Amino acid sequence: MGNLIKSLLIVLLAGVPFICQRAIAAEVIDLPDRSFQQNGNLYQDDLKRVVTVTRGRATVYRLLSKISEQTGLLFIYDSKIVENDKRVVIEPGEYPLEDAVRIITGNRDLRIKIEENYILLYLPNADKAEPEIKKRDETPSANNQTQEGGHFALSGAIKDRLTDEPIEFATISVNDKPYGTVSNLNGEFIFTLPDSLLDSHIKISHLGYQSRLFKASLLAGQRATFYLDQRIIPLQEIVVRAIDPTKTIREMMAARVRNYNSDPLYITAFYREGIEYKNNISLSEAVLKIYKTGVIYGANSEQVKVLKMRRLASSPEKDTLVTKIKSSINSSLLLDLVKNLPDFLQPQAYLQYDFSHTDITVIDDRRVYVISFEQKEEITAPLYKGKLYIDAGNWALTQARFEVNPKYVAKATDDIIVKQSRKVEIIPERVEYLVSYKSNNGVYTLNHVRGDLNFRVRPKRKLFSSNLHIWFEMVNCKTESSNVTPIPREERISTRDIFSETSYSYDRDFWGNFNVILPEENLKDFIKKYVF
């Protein structure tokens, strides 16, 4: 299976105490752009523009949508200020735009701000969302437009417009700038930026969806829900032809030096690893500075420094496990697949794997080939299966989702678990990985990696088993290409050790202005209750 799966080693012991809400969201009504802008900007005088209301009884959402259809503007507002599902009666006729909005919402105190293609609805001096978050869980909040040190934050959630389901691991970035983060499993995010970027444009993108672009200053200090539309490739856009999957992969490999950085970079990354067993959670989080070498160099040439770190662990139960993750940072670096080729990207991969072209999708409004792979039927060793997403224009690998073949994952036990007690039986049930890349001025860099490992744990001579979930993830929050030199030896950490045992000094002002991946609801509750 190669070094990838063996790089992440789990240490499991038994019979030892474990030592180691709904957010306020703004709705974004997104409709076809039929803007009446002049020179790309919409002036406040346009609030007086007359709009026509033809239907007198409908929901607030429907009536505002009708205004959007006439103007091409997108409404953004806090769902606690404007009730989408409330049915209202309005006399059909013609109204100035701002009057129509206030009548429909039933709120005469609303302030209305227009910028580019957006109308922001808000209340003067309204309290911002969840002011206790930073005090209690010490993650950044978007409570203030400008934070100490000349920074501002925007936050919210990303959802599928059709299903209303959260979109996990969407990329939030500054257009044409080396800053970024990703949404969590609940589709939530927070993005902190220097105030010099207030006039920049924020891009939200995800595989299979149309990207969204909006000005940072519009939502600085606000929370919003962004709905993305699935991008369906019409048949008339597709030239029907046979796409050779192995040739596509060869093209991707040949284009590596052109598509990915060849010179060293600094990456400021947020890293999190966690262990969940029964009702216990162990969590380690850090901001890392990574000296990342070019695509032709191996992971052993890369260096890591810890800038910030913290550990959290819940109270022990008598029969819980001591579980530790070894070499997780090294695994995160190895998951840069174009740099550290796994067996399914090696030249002789066709001897072990079957490849097929299974779909066409988009990311960042670029067409992407989906290449599926799975080990050959006659091979019963624990190899991989998954999908590669390769740009149809420049042959860049943009994303990979793969797992140890579920049919044979139990055979990978000895490759994953370095030590376990004789008192328990540990069987892996699912081992999954996600890798994504982002483009900045045509050069791709590692964006986000995540590994999820699920086990079944059964004490010997016991009938029932429990679930053990171990995960790690890392997101590239900032890339720097100037004045890049190796990290001094005395400042580096060993990427192959147990990261949770790294020594550190705790900082009450923990995250400062670093970007993080927001914790999911269960972790958020755990962090809020934790006594530091």
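Predicted model: local features only at pLDDT ≥ 70, side-chain atom pairs only at ≥ 80, totals over all residues.

Analyst: The space inside the largest pocket comes to about 780 Å³. Its lining is made up of 42 residues, and those closest to the centre are Lys438, Ser439, Asn440, Asn441 and Val443. Besides β26 (424-440), the elements that supply two or more lining residues are β11 (171-174), β14 (201-205), β24 (397-404), β27 (443-459) and β28 (466-480). Sorted by class, the lining has 19 polar, 13 nonpolar and 10 charged residues.

Ser211 sits in the loop that runs between β14 and β15 (212-215). Ser211 counts as buried because its relative accessibility is 19%, and the cut-off for buried is under 20%. Leaving out residues up to four places away in sequence, Ser211 touches Lys203, Ile204, Ser205, Asp364 and Asp365.

Val50 belongs to strand β3, which covers residues 50-53. With a relative accessible area of 47%, Val50 is partly exposed, since that class lies between the buried limit of 20% and the exposed limit of 50%. Apart from neighbours within four places in sequence, Val50 is in contact with Glu94, Tyr95 and Pro96. Glu98 is 48 residues from Val50 along the chain, and the C-alpha atoms of these two residues are separated by 9.1 Å.

Key: Residues numbered from 1 in each chain as written. Heavy atoms only, no water. Helix = DSSP H or I, 4+ residues; strand = E, 2+ residues; numbered from the N terminus. Buried < 20%, exposed > 50% of the residue type's maximum accessible area, 1.4 Å probe, protein only. Contact = heavy atoms within 4.5 Å. 1 Å grid on protein atoms, 1.4 Å probe; cavity = no way out; pocket = protein on both sides within 12 Å on 5 of 7 lines; lining within 4 Å. Points joined across faces, edges and corners; volume = space filled by probe spheres on them. Nonpolar A, V, L, I, M, F, W, Y, C, P; charged D, E, K, R; others polar.
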